[in-house]
Amino acid sequence: MQPLFDFFSSYGLDAGLSALFATLSAVAVALLLIIVLELGFKRVLLEMISAFALRTVTTFDDILVRRNVFSGLARLLPPIFLHILSDPLLQYYPAFVPFVKDAAVLYLTVALVMLVFSLLDALQDFLSTRPSAARLPVKSFMQVLKALALAVALVVVVSKLMGKSPVVFLSGLGAFTAVLLLVFKDSILGLVAGVQLSANNLVRVGDWIEMPQYGADGDVIDISLVTVSVQNWDKTISTIPAYSLISQGFKNWRGMSEGGGRRIKRSVHIDMNSVRFCDEALLMQLREVRLLKGYLEEKERELSEWNSRFQDGTASPVNARRLTNLGTFRAYLAAYLRSHPNINTSMTLIIRQLQPTAGGIPIEIYVFCREKEWAVYEGVQADIFDHVLAVLPWFELRVFQNPGGYDIERAGSRLAGALSPESRGEGAASGSL
């Protein structure tokens, strides 16, 4: 600064003007130098770093470049240089030095917060590609760290504006604890819920969950500090408070996705009036069914041995054991499903008769389909019940269903035909007279 002061004094300027021009010239040169250094760091050094990151096999450095972490480092240079050079540049105006240093600290604080945010975003992107971190609520943790960094920055900014030490300012925050807890209630509950969800591996991105009270039924697409976003099957988005998953409970279908099959549980209702004992004609028809040959041979031998002990009473169907068309149909369904390529026979396979109702006898199929994708699963389920409905007449069974318009029209036609004079022979009688 002294050479500049002497330079302007040599032109006959007084001490005040010489000090002013020397300060302005030095500040202009310093600002130009800072701008050149920042631009040079961004354009030259960052291009070298980007080229180096492209040649490496690791992905973390590429993420750092994409998230502008190195650009954030370049933003730290101006406030640092401004803080360092404030004393020599303003030696003739020492009263302005504290204001410049405070401004540099504020600028540096904002730049540091932006750098921390970029670094946390890069870390989140990197962890999202790691299978080991898939079960952790990484986004929630990053949001907590961002909130802490922002809180520290606010403390520094407020303390500088108030002219107090940050330690003094922090010591006075105890009185505002209740207010802070009230303001950040959802964030605190969400953080605790996120830790519980991750520690117990209850939910993660990609899981299919159901929460009817929130209208949620679909895939989890995002887990944040406060909310869990679910994309429903109709492509709508349901947003659920994270702590509600812990406090209210939910259904997670991950066990089905990771298990050996997706459950099929559906019934077909049989008309009770069509259930009867199998006569010889029906048995001859059923012996032609490949899946029933072994069952019929074993059952006929078992029943023959049992009935031979009561030869005097087997004339009545009530006294003898006989096959029924419904029981044989259930045996056929079990054999059919065990031979089906899309049914996982290592899991539960039950064909059960439920409580008869006014709607008939429900025969429930309870099996697990190997195909878990929704569209394929529905196709397999439909094919099975298409076959079930088609083979029922082969066992002389009928499906129960309430009469429709066609049934009523056909019954009316039959009744009209039965009541017509021709059907009763009245026309022939009148002709004979």
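**Cores and aromatic pairs**

Among the 36 residues of the largest nonpolar core, Phe329, Leu337, Ile365 and Ile384 touch the most other members. Such a core is a set of buried Ala, Val, Leu, Ile, Met, Phe, Trp, Tyr and Cys residues joined through side-chain atoms within 4.5 Å; buried means under 20% relative accessible area, exposed over 50% and partly exposed in between, with a 1.4 Å probe and protein chains only. Two or more residues each come from strands E6 (262-270) and E8 (361-369) and from helices H13 (280-286), H14 (293-308), H15 (325-338) and H16 (374-391), with H15 giving the largest share, 7 residues. The model is predicted, so local features need pLDDT of at least 70 and side-chain atom pairs 80 or more, while totals for chains, interfaces and linings use all residues. Residues are numbered from 1 along each chain as its sequence is written, and side-chain values use heavy atoms, leaving out hydrogens and water.

As for aromatics, the structure holds 7 pairs (ring centres within 6.5 Å, taking the six-membered ring of Trp; planes under 30 degrees apart are stacked, over 60 edge-to-face, the rest tilted). Trp233 and Trp374 make a tilted pair, 5.7 Å centre to centre with 50° between the planes. Trp233 sits in the loop between strands E3 (227-232) and E4 (237-241) and Trp374 in H16, so this pair ties together parts 141 residues apart in sequence. Trp233 is partly exposed at 35% relative accessible area, and Trp374 is partly exposed too, at 48%. Tyr332 and Phe395 also form a tilted pair, at 5.6 Å and 45°, and both are buried.

How values were computed
Helices (H or I, at least four residues) and strands (E, at least two) are DSSP runs, numbered from the N terminus.
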